[in-house]
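Please read it alongside the sequence and the coordinates.

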Amino acid sequence: MALTDSAGRWVKDRLSDDPDIKETPEKSAKRLAGAIEKLSAEERQKNLQHLRAYSDLYYQGRHNMAVPKEMTEELKRLEERAQRLNTVDRARGVVQQFGGPPSEQSLNEALERSQAQRVQVQPRPLPVDIQPQAAQQVGRDADSLRPNGMAQTPKVAVEMTSAEIAKEARQLHGRFQQLSARYEGASGEQRAQIREQMQPVVEREHELRKEFMGRLNPEVKQDRVPEQSIGYGR
Amino acid sequence: MARHETERIFTPEEFVGRVAVVLPDLVGPERFRLLTYARAWADVNYPERLPAELDNQLQELEGAWL
């Protein structure tokens, strides 16, 4: 049956005089497959669209039949080949952009750039009075402290041992004294900044003290009931 | 490492293997760059189709680091 169809198409092709159909789509597909590697991505796409349309015109138009499965599969293969070739073309561009074929040097350069970027994002040096050395002078563990003198990840007071509370409280006290000394000689604007730095120190110290006192006397843990106003301040 | 060794061109398989080793020491953009480079180098060397093993290795690295 296929042979009869094929023979019928051959006869009709010989007798037809359609200027748009000059050869079978299979022949066009073969020519495209031979040239596809040399084409640009855009030309590949254009030629594939042309071949698909030509195939529809030939089979569905001239011969009034569905496009054969073999032709559909050939078109699919050509599309996949075109996509792969486009990918390889882009890859060539990427390799050129990155300096050509890779070597150990390429890796070393990437490592150096990473190192340089890490250095760039390191924090700026702290002011003298809160540099790690200064922090150590007031008996604090500098590595665990933020610029404002607070522990980086302060533990919840209830989870701390009494010794830990005492240690951190001493550190906070040292920090507070340091800030107070600065406050004395500071200008108005600087004082506002220092007050901002003092606030978390004071709050943390208060939290620790409350917890510590609560261990000595559990009642202290409870918030005090506000005293009745008697109409004047003490 | 001798100069000729640092300049020796990697095969795609060698490059992917070396990239896998240095990835943890790189910052994000450099990881992306090297993985793109590795895949591009593999594509250039295997224009027909990437070997399945190499493709899998690249996919694993891309999945883990990108």
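In what order do the elements of chain A run from the N terminus on? In this predicted model, the elements of chain A follow the order α-α-α-α-α-α-α-α, and the secondary structure of that chain amounts to 8 helices and 0 strands. Chain B reads α-α-α-α along its sequence, with 4 helices and 0 strands.

Of the 234 residues in chain A, 30% are buried, while buried residues account for 39% of the 66 residues in chain B. Among contacts in chain A with a separation of 6 or more, 61% are between residues 24 or more positions apart; for chain B, the corresponding share of contacts with a separation of 6 or more is 49%.

**Helix α2 of chain A**

Helix α2 of chain A spans residues 25-35, and its buried residues are A:Pro25, A:Ser28, A:Ala29 and A:Leu32. These residues lie on the same side of α2(A), because the arc they cover around the axis is only 100°. The exposed residues A:Lys27, A:Lys30, A:Arg31 and A:Gly34 are found on the other side of α2(A). Against which helices do the buried residues of α2(A) pack? Their partners are α3 (41-62) and α4 (69-97) of chain A.

Two packed helices are described by the angle between their axes and the distance between the axes.

| Helix pair | Axis distance | Axis angle |
|---|---|---|
| α2(A) and α3(A) | within 9 Å | roughly 170° |
| α3(A) and α4(A) | 10 Å | about 175° |
| α2(B) and α4(B) | within 11 Å | roughly 20° |

By class, the contact of α2(A) with α3(A) comprises 8 nonpolar, 3 polar and 1 charged residues.

Helix α3(A) contributes A:Ala41, A:Arg44, A:Leu48, A:Leu51, A:Arg52, A:Ser55 and A:Tyr59 to the contact, and α4(A) contributes A:Met71, A:Leu75, A:Leu78, A:Glu79, A:Ala82, A:Leu85, A:Asn86 and A:Asp89. The residues in the contact of α3(A) with α4(A) divide into 9 nonpolar, 2 polar and 4 charged.

In chain B, helix α2 (residues 12-22) and helix α4 (residues 52-65) have axes that come within 11 Å and cross at roughly 20°, which makes α2(B) roughly parallel to α4(B). The crossing of α2(B) and α4(B) is left-handed. The contact involves B:Pro12, B:Glu13, B:Val16 and B:Ala20 of α2(B) together with B:Leu54, B:Gln57, B:Leu58 and B:Leu61 of α4(B), and its residues are 6 nonpolar, 1 polar and 1 charged by class.

**Individual residues**

Is A:Ser55 buried or exposed? This residue of helix α3 of chain A counts as buried, because its relative accessibility is 0%. Apart from neighbours within four places in sequence, A:Ser55 is in contact with A:Pro25, A:Gln60, A:Val67, A:Met71 and A:Leu75.

A:Ser103 is located in the loop between α4 and α5 (104-121) of chain A, and with a relative accessible area of 7% A:Ser103 is buried. Not counting residues up to four places away in sequence, A:Ser103 touches B:Thr6, B:Glu7, B:Arg8 and B:Phe10.

A:Arg77, in helix α4 of chain A, has a relative accessible area of 49% and is therefore partly exposed. Although A:Arg77 and A:Ala33 are 44 residues apart along the chain, their C-alpha atoms are separated by 9.4 Å.

Technical notes
Residues are numbered from 1 along each chain as its sequence is written. Chains are lettered from A and ligands numbered from 1 in the order in which they are written. This is a predicted model: local features need pLDDT of at least 70, side-chain atom pairs count only at pLDDT 80 or more; totals for chains, interfaces and linings use all residues. Side-chain values use heavy atoms; hydrogens and water are left out. Buried means under 20% relative accessible area, exposed over 50%, partly exposed in between (1.4 Å probe, protein chains only). Helices (H or I, at least four residues) and strands (E, at least two) are DSSP runs, numbered from the N terminus. The arc is that of the directions from the helix axis to the C-beta atoms. Contact means heavy atoms within 4.5 Å. Axes are lines fitted to C-alpha atoms, for helices over the stretch in contact, and angles run from 0 to 180 degrees between N-to-C directions. Angles under 35 degrees count as roughly parallel, over 145 as roughly antiparallel, 65 to 115 as roughly perpendicular and the rest as oblique. A crossing is left-handed if the near helix is turned anticlockwise from the far one by less than a right angle, and right-handed if clockwise. Ala, Val, Leu, Ile, Met, Phe, Trp, Tyr, Cys and Pro count as nonpolar, Asp, Glu, Lys and Arg as charged, and the others, Gly among them, as polar.
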